[in-house]
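Visitor: I would like to go through this model term by term. Please set each value against its cut-off.

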Amino acid sequence: IPGLDSVMGFVNAVLRASTTYIDETIFSYNLARGDENVYRSSKDGLIYYAQNAKEVLKTGLWVVVLDRVLTTVIWIVMLAPGFALSWMLPGNTGGTVMIVGAVLFAGSVRSAFLKPLFLTMVMVKFHAMAKNQPINLEWDQRLGTASSKFEELKQQAQAWVRPGRGPQPGAA
């Protein structure tokens with residue numbers, strides 16, 4: 001179907017934006033919860049992430065749109081330093097240096113400012129949705145059947161022993 005590639009590219013970009021920050025979001029959930037059993041809070045965080053996937057996907061959609069728009073604006077703004085750089089260089093390479101310089105400057109600004117902004121957007125949405133929300137046991141079962149790694153995480157959460165409370169070495 002003509003045009004399906006561009007639609008699928010956009011859908012993949014939204015999915016990537018929604019899932020790129022899972023590890024940082026779960027880590028922030030662990031820190032916010034303050035649970036000593038990091039396996040249990042990681043398991044709960046993954047369940048909350050799955051429970052609230054629709055809202056996280058909406059945020060991912062905004063991230064993709066904002067990324068495209070703001071990156072373009074930043075690139076246009078960075079044409080000025082690129083022009084200054086090309087003006088200072090000898091030779092007839094002005095246009096190429098200006099465009100390459102703008103791309104490099106914009107990429108640096110994007111990495112330094114936009115990526116952390118997008119991470120914050122996803123984290124804030126996740127924490128707002130998970131706050132005071134009960135764990136849906138159906139999602140616990142779904143994730144357990146979908147991933148053996150999630151089952152491992154559940155087993156580690158159950159087997160976790162608080163440091164200093166476990167069996168003493170040499171005790172029978």
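**Helix contact**

Guide: Helix 4 (residues 53-77) packs with helix 5 (residues 79-88) at an angle of about 30°, their axes 4 Å apart. Helices here are DSSP runs of H or I with at least four residues, as strands are runs of E with at least two, numbered from the N terminus. Axes are lines fitted to C-alpha atoms, for helices over the stretch in contact, and angles run from 0 to 180 degrees between N-to-C directions. The contact is made by Trp75, Ile76 and Val77 of helix 4 with Leu79, Ala80 and Pro81 of helix 5. Contact means heavy atoms within 4.5 Å.

This is a predicted model: local features need pLDDT of at least 70, side-chain atom pairs count only at pLDDT 80 or more, and totals for chains, interfaces and linings use all residues. Residues are numbered from 1 along each chain as its sequence is written, and side-chain values use heavy atoms, with hydrogens and water left out.

**Aromatic pairs**

Visitor: Why is the pair of tyrosine 29 and phenylalanine 126 called edge-to-face?

Guide: Rings of Phe, Tyr and Trp (its six-membered ring) pair if their centres lie within 6.5 Å; planes under 30 degrees apart count as stacked, over 60 as edge-to-face, the rest as tilted. For tyrosine 29 and phenylalanine 126 the centres are 5.9 Å apart and the planes at 80°, so the pair is edge-to-face.

Visitor: What does this pair tie together?

Guide: Tyrosine 29 is in helix 2 (residues 22-33) and phenylalanine 126 in helix 6 (residues 94-130), so the pair ties together parts 97 residues apart in sequence.

Visitor: Why is the pair of tyrosine 49 and phenylalanine 126 called tilted?

Guide: Their centres are 5.6 Å apart and their planes at 35°, so the pair is tilted. Tyr29, Tyr48, Tyr49 and Phe126 form one aromatic cluster.

**Burial and charge**

Visitor: How do you know whether tyrosine 49 is buried or exposed?

Guide: Buried means under 20% relative accessible area, exposed over 50%, partly exposed in between (1.4 Å probe, protein chains only). Tyrosine 49 has 8%, so it is buried. Phenylalanine 126 has 0% and counts as buried.

Visitor: What about asparagine 132: buried or exposed?

Guide: Asparagine 132 has 74%, so it is exposed. Asparagine 132 lies in the loop between helix 6 and helix 7 (137-146). Its phi is positive, about 60°, although it is not a glycine.

Visitor: What sits over the ring of tryptophan 139?

Guide: The charged end of arginine 142, 4.5 Å from the ring centre. The term requires NZ of Lys or CZ of Arg within 6 Å of the ring centre and within 35 degrees of the ring normal.
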